[in-house]
Amino acid sequence: MGLFTSPIKTFDDLYLHTLQDIYYAEQQITKGLTEMIGKAENTALKQAFQKHLGETEQQIKRLEDAFQILGKPAKGATCPAIDGIIKEAREIISDCDDHEVRDAAMLAAAQAVEHYEITRYGTLVSWSNQLGRKDVAALLEKTLNEEKATDEKLTKLGESRVNKKAA
């Protein structure tokens with residue numbers, strides 16, 4: 001079985017596992033964002049993290065709605081990818097003595113998370129449509145659009161303020 005809690009034999013199994021993967025990831029991201037809010041020195045960065053924490057809480061609710069629509073229990077499957085991204089971020093952040101460099105490191109870590117989420121949600125929207133689950137696709141597409149918007153906002157924040165101060 002490898003990393004997965006149950007065998008993946010069908011496309012439906014893969015679809016459900018991927019939903020469980022992102023459900024777990026979103027819960028871990030909530031914890032990571034809470035930590036970064038506490039460590040961010042740049043006011044705009046702190047506000048961006050706070051805003052995205054609220055969005056992430058709504059995204060978890062949407063995933064729970066998707067599970068309900070599919071008649072499946074809302075449960076996570078351990079996601080080694082997000083665990084690795086968060087672990088790396090924590091290590092880099094803890095090595096930064098300069099608060100401006102730490103802010104840049106947190107922004108970069110947040111974007112790594114966003115990029116992971118964009119790939120997962122993009123795949124899930126496509127698969128939902130493939131499986132005729134337009135109702136689930138609509139929920140997940142809303143989250144996908146939020147993740148893309150957050151990534152864009154973080155890019156602008158990095159280029160206009162955070163990375164300049166760190167340099």
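A search of the whole structure finds 2 aromatic pairs, where rings of Phe, Tyr and Trp (its six-membered ring) pair if their centres lie within 6.5 Å. The structure is a predicted model, in which local features need pLDDT of at least 70 and side-chain atom pairs count only at pLDDT 80 or more, while totals for chains, interfaces and linings use all residues. Residues are numbered from 1 along each chain as its sequence is written, and side-chain values use heavy atoms, with hydrogens and water left out.

**Aromatic pairs**

- F11 and W127 form an edge-to-face pair, with 5.2 Å from centre to centre and 65° between the planes; planes over 60 degrees apart count as edge-to-face, those under 30 as stacked and the rest as tilted.
- Because F11 lies in helix α1 and W127 in helix α4, this pair ties together parts that are 116 residues apart in sequence. Helices here are DSSP runs (H or I, at least four residues), as are strands (E, at least two), and they are numbered from the N terminus.
- F11 has a relative accessible area of 33% and is partly exposed. Buried means under 20% relative accessible area, exposed over 50%, and partly exposed in between (1.4 Å probe, protein chains only).
- Y23 and F67 form an aromatic pair that is also edge-to-face, at 5.5 Å centre to centre and 75° between the planes.
- Y23 belongs to helix α1 and F67 to helix α2, so the pair ties together parts 44 residues apart in sequence.
- Both Y23 and F67 are buried.

**Nonpolar core**

- The largest nonpolar core has 46 residues, and those with the most contacts inside it are L45, F49, I82 and L140. Such a core is a set of buried Ala, Val, Leu, Ile, Met, Phe, Trp, Tyr and Cys residues joined through side-chain atoms within 4.5 Å.
- The elements that give two or more residues to this core are α1, α2, α3, α4 and α5.
- Helix α4 gives the most to the core, with 12 residues.
- In soluble globular proteins, nonpolar side chains tend to be buried together.
- Apart from its neighbours within four places in sequence, F49 is in contact (heavy atoms within 4.5 Å) with L33, M36, I37, A40, M106, L107, A110 and L154.

**Largest cavity**

- The count comes to 1 cavity of 30 Å³ or more. On a 1 Å grid over the protein atoms alone, a cavity is a set of points where a 1.4 Å probe fits but cannot get out.
- About 240 Å³ of space lies in the largest cavity; grid points are joined across faces, edges and corners, and a volume is the space filled by probe spheres set on the points.
- The lining of the largest cavity consists of 21 residues, of which G32, L33, M36, A110 and V113 lie nearest its centre. Lining residues have an atom within 4 Å of a point.
- Two or more lining residues come from each of α1 (11-39), α2 (43-70), α3 (80-95), α4 (99-130) and α5 (134-166).
- Helix α1 gives the most to this lining, with 6 residues.
- By class, the lining has 14 nonpolar, 3 polar and 4 charged residues. Ala, Val, Leu, Ile, Met, Phe, Trp, Tyr, Cys and Pro count as nonpolar, Asp, Glu, Lys and Arg as charged, and the others, Gly among them, as polar.

**Loop residues**

- L131 is found in the loop between α4 and α5 and is partly exposed, at 31% relative accessibility.
- Leaving aside neighbours within four places in sequence, L131 is in contact with F11, D12 and Y15. L131 and Y15 are 116 residues apart in sequence, with their C-alpha atoms 9.3 Å apart in space.
- D98 is found in the loop between α3 and α4, and at 39% relative accessibility D98 counts as partly exposed.
- D98 and A166 are 68 residues apart in sequence and 8.3 Å apart in space, C-alpha to C-alpha.

**Helix residues**

- S126 lies in helix α4 and is partly exposed, with a relative accessible area of 44%.
- The C-alpha atoms of S126 and Q111 are separated by 22 Å, and these residues are 15 residues apart along the chain.
- E146 lies in helix α5 and counts as buried at 16% relative accessibility.
- Beyond its neighbours within four places in sequence, E146 is in contact with E55, Q59 and R62.
- E146 and L131 are 15 residues apart in sequence and 23 Å apart in space, C-alpha to C-alpha.

Terms used. 1 Å grid on protein atoms, 1.4 Å probe; cavity = no way out; pocket = protein on both sides within 12 Å on 5 of 7 lines; lining within 4 Å.
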